[in-house]
Amino acid sequence: MSVDTAAQPVAETSHEPELVQLLTPEGQRVPHEHYDSLVADVTADDIRAMYRELVLARRVDSEAVSLQRQGELGLWPSLLGQEAAQIGSARALRPQDHVFPTYREHGVALHRDVDPVRLLALFRGVDQGSWDPAQSHFHLYTIVIGAQTLHATGYAMGVQRDGAIGTGDPGRDTAVMAYFGDGATSQGSVSEAFIWAGVTNAPVVFFCQNNQWAISEPLERQTRVPLYKRAAGFGFPGVRVDGNDVLACLAVSREALQRARDGEGPTLVEAFTYRMGAHTTSDDPTRYRLNAELEHWRLKDPVERVKAYMVRNDLADQAFFDELSDESDQLAERMRAECRSLPEPAPTSIFDHVYVEPTPGLVEQRDGMAAYLDSFADEEVHQ
Amino acid sequence: MAHISYRQALHDTLRSELQRDENVLLMGEEIGRFEGSYKITAGMLDEFGPKRVRDTPIAEEGFTGAAVGAAMLGLRPVVEIMTINFSLLALDQIMNHAAKIYGMFGGQCSVPMVIRTPGGGGQQLAATHSQNVELFYAFTPGLKVVAPSSPADAKALLLASIRDDDPVLFLENLALYNTKGEVPDTDEPGEIGRAAVTRTGSDITLVGYSRMAHVALQVAERLAADEGIEAEVVDLRSLRPLDRQTVVDSVKKTNCAVVLEDDWLTYGIGAELAASISDGAFDWLDAPVRRVAMAEVPLPYAKPLESAALPSADDVVTVIHQTLDAVGRRSDRVGAR
Ligand SMILES: Cc1ncc(C[n+]2csc(CCOP(=O)(O)OP(=O)(O)O)c2C)c(N)n1
Ligand SMILES: [Mg+2]
C-alpha cells in the first residue's frame, strides 16, 4: 500500500469559506447583523473617497509595474487584487495608529500620505527608504518574511507602557497594525508574535492578507486549518473577511483596532483575497497556477464592485468618474517624471547609516573611498 | 567530459544521487513546482515525486530542524535554503543541533545532511538578502563547509557532501550559477578539506573561495597579460576543514600573498588565512599579508552603491600592486620588460 504523506487540505481552505461580506461582487449591499453598525456612519462622500483611493492605489501599482518593465525600477511587488484589503483596513486607522507593512502595502502607504514617488525611490534603489515612519505612522518595508509582526508587537508593548490605550480619548488611544501574508504564517516569528501579543494583551491587530499564494506555493502548503482559526489557540479572536470587499474590510478592521485601543488585546484578521499579478516583476505565475483560478477571482474584482454599488445607488455621476480618471492620469504622469529624475546617490553614502554615530573605523573607510574617487576626478581633469 | 554550467552540474549531480540512493531526499521552499529559486531542482518533482522532493512551508527553522531529525534516522536530506541569509532563521538548528548532536549524544547518532544555499552580493537584493555569512558555519566545529568555484568542483564536492556522514553546508554563489566549465562524466566524489592550486605562478599568491576564487583567476590572467606578473591562485574549496598546508606551501614559493573575500574584513575568513600564513610561513614572507574585502556596511540595494561596497577586480589589482611595490618586485618586473 502506498500512503501519500503530503498533507491533504481540509475542505474549508480550498472552498469559499464563511466570511464577513457587506458588498457582493455585483455591488449589492448585503445586511450583516453585527458589522452593519460598524459602518453605519459611512456616507456617500466616504464611498466616493474610498473608491478614489482604490482607483489611485491600482494606478500607482500599474504605473510602477510599467516603470519596472522600462528598466526604471529594479523590482516591484504588485498589489493588484488586494486594493480593498489595503484601503479598507487603512481607512480604519486613526492618525496615531502605527502600521508595520510587508513589501506590498502600497495602498496603505498611499492612504498614509506616503508619496508614491518615495516607494519608487526605494525600488529604484536610489535610497533605502525615505519616508519618516514617526510622521506618517507607516513603517518602512520589511522583506524577511514575518519579522515585522514581532516588531509590531514590541511597538504595541511600548504603546501599552505609555498608557496610550483604554483612556477613552479618541485622539490618544493607539493601536498597532501588522500586515503579513498567508505564507508568513508558517514562520516561527509570526507564531511567537501571536504568543507575545496574546499573553501581554498587546494592542496589535494582525492583518493577514491571504492572497492564496506565497510565490509559487499555494495556501495548502502552509496550513490545514483556515488561518483565522489559529487565533483561538493563542487566546484572541480571529475573523475572516472578504478581502475584496472594501466596506467589510473597513468594518472588521475598525472593530479590531478599537478593541486594541480599548485595551482588549490583539485580533487576527484574515482578509481572503487573491494576488492577481505575479509575486514580483521577476516572477512568472503562469508556470505554477491555472488561468481558470485567475478568471474566477477576476469576477470578484475589489474596485469594480464598488463602482457597481455606486452606479446602482446613484452615488456618483459621470463627472466624478471623469475627474478621477484625470487625477489618476496626472498622478501616473508625475510618478513617471519624478521617478526618472530622482538623483543618484553618492558612493560614499554607503557609510551614512551604519550607526547613528559613525565609528572611527568607518569614517576612515569613507575618507579612503572619497580620496580614491577624487583621484579619478583629477585624472579626468588632467586628460 | 561535458562543458556545462555550475547550475547544470548541481542539477545533474542531485539527480544522479536521487537515482543512486533512495535515502536521499530534497527539502526546501519552492523547490518542487517552482523548480527552485535558481532552478537547480528543475524537473525533479515530476521525476521523483513529492515524497522525495518536498516543497516546504516558509519556515526555515522548521524544515532545517526536520531534516536534522530525518538525518538522525539515516535518511540523507539535502535541504535547499533560498539564500544563505535565510539560514539565519535556522541558525539554532544548524549550529546548536546539526553541528552538536554527534558529540553531545556521545557519538550515538550522526547527522548526514546537506544544506545547499547560495551566497553572494551584486544582484541588487539588498542588505538582508546579500550577505555572506558562511563564516558563522566555518567557525563551528561539527560542521563541514564547502564552497566550490567551478562546475567540476560543484559536482565532485556535492557528491562528497551527500555521501558524507556529517552535516555539510554546501555554499553556492549567485554569480557562479551561469559560469561554465569542463565536468568529468564519472561520479568521483571530491575530497572535502583539500584546496586546489588553480594557477601556478611565482610572484604572489592569491587566495580565495567561491566567487572570489574565480575573480582571483581572472585577475591573475590579466596581470600576466598586461604586466608579466605571475600570480599563483589557491582556491580553498573547503572552509572547514581548512587546508592550510596548500596555502602555506604556495606562500613559501611566492613570499607574499593577498587574500580575497566577499564579506566584511574584520574577523573575516581573510583574517584566519592571514594568521595561518604568518604561522606557517613567517620566515618566507617579504610583505604583510593583505586582504581585499567589502566595505563594512550593510550591502545597499542601489546598483552604484552596491558596486561601491563590493570588492572589485580593480581593488584586487590595486592591493596586489601595493604588495609587490612593498617588496620592490613590481619595478623589477616592469623594468625588465
Ligand atoms: C525568511 C524568508 N524566507 C523566504 C523569503 C523569500 N520570500 C519572499 S516573499 C515570499 C512569499 C511570501 O508569501 P506571503 O507571506 O503569502 O506574502 P505575499 O508575497 O503573498 O504577499 C518568500 C518565500 C523571505 N523573504 N524571507
Ligand atoms: Mg501570499
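Q: Which residues of α3(A) are buried?
A: They are E83(A), A84(A), A85(A), Q86(A), I87(A), G88(A), S89(A) and A90(A). The model is predicted.

Q: What is the predictor's confidence in chain A?
A: The average pLDDT is 94, and 94% of the residues score at least 70. Over residues 1-15 of chain A, however, the pLDDT is below 50. That stretch has 14 contacts in the model beyond near neighbours in sequence.

Q: How many residues of chain B are in contact with chain A?
A: 26 residues of chain B are in contact with 31 residues of chain A. Helix α11 (residues 303-309) of chain B gives the largest share of the chain B side, 5 residues. By class, that side divides into 16 nonpolar, 3 polar and 7 charged residues.

Q: Which domains does the assignment give for chain B?
A: Domain 1 (2-183) and domain 2 (196-336). Their centres, taken over C-alpha atoms, are separated by 28 Å.

Q: What makes these two domains of chain B touch?
A: Contact requires C-beta atoms within 7 Å. 27 residues of domain 1 of chain B are in contact with 22 residues of domain 2 of chain B. The domain 1 side has 13 nonpolar, 11 polar and 3 charged residues.

Definitions and conventions. Residues are numbered from 1 along each chain as its sequence is written. Chains are lettered from A and ligands numbered from 1 in the order in which they are written. This is a predicted model: local features need pLDDT of at least 70, side-chain atom pairs count only at pLDDT 80 or more; totals for chains, interfaces and linings use all residues. pLDDT is the predictor's confidence in each residue, from 0 to 100. Helices (H or I, at least four residues) and strands (E, at least two) are DSSP runs, numbered from the N terminus. Ala, Val, Leu, Ile, Met, Phe, Trp, Tyr, Cys and Pro count as nonpolar, Asp, Glu, Lys and Arg as charged, and the others, Gly among them, as polar. A residue is buried if 20 or more other C-beta atoms lie within 10 Å of its own, exposed if 12 or fewer, and partly exposed in between; C-beta atoms are placed from the backbone. Domain bounds come from an automatic or database domain assignment.
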